[in-house]
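Please go through the model below from its overall makeup to single residues.

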Amino acid sequence: FFMYFCSHHTHTPAFAKANFTNTSIRGWFGDHLRTLDWSVGEIVQAVDRSGQGENTLIMFSADNGPSLTWEDLGGTNGDVRCGKGTTCAPVPSDACR
């Protein structure tokens, strides 16, 4: 089967679940990423509960990092340069899980 899940949390976060609000040291953006992490975790758990976890490759992709125009509110790449509107982003997967 194929599932496509598109989250806005890697773009301009608009909300965080109530239980993640004001919980991250990264502030507003971190709260939104915690919500994204939770939602992806829910998907992974559902795949595992279906018995297909060992037969499923889960790939996570976002479009090239933080918003450069939002500065601190747009997230950070750490030592990696560029951001939205620049180059391609890598696609990490769970191939080693």
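A residue is called buried when its relative accessible area is under 20%, exposed when that area is over 50%, and partly exposed in between, with a 1.4 Å probe and protein chains only. The model is predicted, so local features need pLDDT of at least 70 and side-chain atom pairs count only at pLDDT 80 or more, while totals for chains, interfaces and linings use all residues. Residues are numbered from 1 along each chain as its sequence is written, and side-chain values use heavy atoms, with hydrogens and water left out.

Start with the whole protein. It has one helix and zero strands, where helices (H or I, at least four residues) and strands (E, at least two) are DSSP runs numbered from the N terminus. Of the 97 residues, 26% are buried. The accessible surface comes to about 7100 Å², and carbon and sulfur atoms account for 57% of that; such areas are computed by the Shrake-Rupley method with a 1.4 Å probe, and for residues only the protein chains shown count as cover. A contact means heavy atoms within 4.5 Å. Among contacts between residues at least 6 apart in sequence, 49% join residues at least 24 apart.

The helix, α1, covers residues 27–49. Its expected span is 1.5 Å times one less than its number of residues. For the 23 residues of α1 this gives 33 Å, and the end C-alpha atoms are 33 Å apart, so the two values agree. The buried residues of the helix are F29, G30, D31, H32, T35, L36, S39, V44 and V47. Just after α1, G51 takes a positive phi of about 85°.

G30 counts as buried because its relative accessibility is 5%, whereas L33, at 34%, counts as partly exposed. F20 gives a reference point for both: its C-alpha atom is 8.9 Å from that of G30, 10 residues away along the chain, and 9.2 Å from that of L33, 13 residues away along the chain.

I43 is also in α1. Its relative accessibility of 22% makes it partly exposed. Leaving aside neighbours within four places in sequence, I43 is in contact with M3 and F5. I58 is 15 residues from I43 along the chain, and their C-alpha atoms are separated by 9.6 Å.

The segment before α1 includes A14 and N22. A14 is exposed, with a relative accessible area of 63%. A14 and F29 are 15 residues apart in sequence, and 9.5 Å separates their C-alpha atoms. N22 is exposed as well, at 71%. Most residues other than glycine have a negative phi. N22 is not a glycine, yet its phi is positive, at about 60°.

Last come the aromatic rings. Rings of Phe, Tyr and Trp (its six-membered ring) pair if their centres lie within 6.5 Å; planes under 30 degrees apart count as stacked, over 60 as edge-to-face and the rest as tilted. By this rule there are zero aromatic pairs. A charge sits over a ring if NZ of Lys or CZ of Arg is within 6 Å of the ring centre and within 35 degrees of the ring normal. The charged end of K17 sits over the ring of W38 in this way, 4.4 Å from the ring centre.
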